[in-house]
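Please read it with the structure open.

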Amino acid sequence: MQALHLILLLFVLLCAVAVAMTKDLLTSIIIFMGQSLAMSVIWIMLQSPDLAITEAAVGAGVTSLLLFVTLKKIHAIDVKKKEGEGHGPDAEGL
Amino acid sequence: MARMRKDYETSWWPRLRRWIDAGASPLDDALEKALDETREGHQVLSQEEAAEREERAEARQRLDRAREARMYARFREWRQQKGRRWANMLYRLLAVTVCLAIIWVLLETAAYLPPFGHADNPAHNEVSRRYIEDGMTETGAVNIVAGMILDYRAFDTLGESNVLFIAACAVIILLRLPDARDGSGHTAALLEAEADDRMYEPKNDAILQATARLLTPFILMFGLYVMFYGHISPGGGFSGGAIMGAGLILYLNAFGFKKAERFFTYTTFRVISVAALSFYAGSKAYSFFTGANGLHSFITPGTPGRIFSAGLIPYLNIAVGFVVCCTMYAFYTLFRKGDL
């Protein structure tokens, strides 16, 4: 249990650094989502399930979605790179 | 008549008067130049003199220009070789210094924190003891957190719900398309926004739809459960509302705006938000009024652990949950197509 806790904390730390270091905005949002998810597991291990639920719904869900939509609105998702691959951006899931 | 100075016309007072009369700016030196020219016109210059003067001026200008170019070249060389390195070094040095300073301050602060969970901590005072020991009998909520945020500190939670509502209002003011307000349904701007919105994704994704059809009822049910049992088990209005909002967003993503609009429109958002906040404010005003004046209140804690217990807490949970749910969903739709 202690080991898992440590691994999760390290993962959160790593994600936090990676979000800041990543050049691609889409990637950094996905990393941010992963960080939130790990954080919600940590909340459960700290015996506060209500916070875990909220973190999963708000942090991993709604916040990232709003960031995605904002990226889309400002046309910051790079489609040109993927247009040559036949399926276009749909193949990437977004 | 007094004698006039020779340069009277260019001194400040006539210039001010001219400015007031005709609007010629005193800072504009074109006028001065014109006056100078007229004055110079009186001294007759010979052709050679004028040419010589011009040549001298040109030579001086050339010299100046050459000197400037030399200086600029030297500066550019310096900037590209030494200066850039120097600025980079300074930048890195400052960045590292600032980072180290912040890390040091944070570590120093953390070192002063009392040990985690120690009995002598300043957080363990009569307030938290009262919450833990008498919270259940006084509020009737088994979940002490719910008792705290919706009974002892209900005023805080009202403020938080209002902050969410105001945020939603601000987003509506900023992002709602003006054409959407005349009530004629799908206008050109709306359609364009939706087409723009669909640019990156397939319209009716089979996998997404199948998953959403399976998951959405459970997500909504779980959200309602978390909301209704907020005073008994961990959770509460905010968590439940966030879960329900996420479920609605999933439904919207899978099935599109047309199906979502069957049960959630701008009117729904308005009615639910305002009704929930008014109910919260009204019921809390009643309990503050009776509590402060020592009057008899028909709100009783009831039997802790029952679903209909804990006085107002379950109803307040539901109100907060609906506000949060509507706000989340409204944020998402407004971000996406500028209308609910």
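What percentage of the 340 residues of chain B count as buried?

1. The figure is 21% of the 340 residues of chain B. A residue is buried if 20 or more other C-beta atoms lie within 10 Å of its own, exposed if 12 or fewer, and partly exposed in between, with C-beta atoms placed from the backbone. For chain A, 23% of its 94 residues count as buried.

2. On provenance: this is a predicted model, in which local features need pLDDT of at least 70 and side-chain atom pairs count only at pLDDT 80 or more, while totals for chains, interfaces and linings use all residues. Residues are numbered from 1 along each chain as its sequence is written, and chains are lettered from A and ligands numbered from 1 in the order in which they are written.

3. Chain B has 11 helices and zero strands, and chain A has three helices and zero strands. Helices (H or I, at least four residues) and strands (E, at least two) are DSSP runs, numbered from the N terminus. Along the sequence, chain A reads α-α-α.

4. Two residues are in contact if their C-beta atoms, placed from the backbone, lie within 7 Å. In chain B, 69% of the contacts with a separation of 6 or more are between residues 24 or more positions apart. In chain A, 38% of the contacts between residues at least 6 apart in sequence join residues at least 24 apart.

5. Helix H3 of chain B (residues 47–112) has a kink of about 50° centred on Gly83(B). The bend at a residue is the angle between axes fitted to the seven residues ending there and the seven starting there. The number of buried residues among the 66 of H3(B) is zero, so this helix lies largely in the open.

6. The largest nonpolar core has 56 residues, and Ala242(B) and Tyr329(B) are those with the most contacts inside it. Such a core is a set of buried Ala, Val, Leu, Ile, Met, Phe, Trp, Tyr and Cys residues joined through C-beta atoms within 7 Å. Elements that give two or more residues to this core include H2 (25–45) and H3 (49–73) of chain A. H11(B) gives the largest share of this core, 16 residues. Leaving out residues up to four places away in sequence, Tyr329(B) touches Gly245(B), Leu248(B), Ile249(B) and Phe264(B).

7. Between the chains, the contact takes 18 residues from chain A and 20 residues from chain B. On the side of chain B that touches chain A, helix H9 (237–260) and helix H11 (313–337) each supply at least two residues. H9(B) gives the largest share of that side, seven residues.

8. Within chain A, H2(A) and H3(A) pack at an angle of about 175°, with their axes 7 Å apart. Axes are lines fitted to C-alpha atoms, for helices over the stretch in contact, and angles run from 0 to 180 degrees between N-to-C directions. The two helices H2(A) and H3(A) are therefore roughly antiparallel to each other, a label given to angles over 145 degrees. Among the residues making the contact are Trp43(A) and Ile44(A) of H2(A) and Pro49(A) and Ala52(A) of H3(A).

9. Ile44(A) lies in helix H2 of chain A. Ile44(A) counts as partly exposed because 14 C-beta neighbours lie inside 10 Å. Not counting residues up to four places away in sequence, Ile44(A) touches Pro49(A) and Ala52(A).

Terms used
Parallel < 35°, antiparallel > 145°, perpendicular 65-115°, else oblique.
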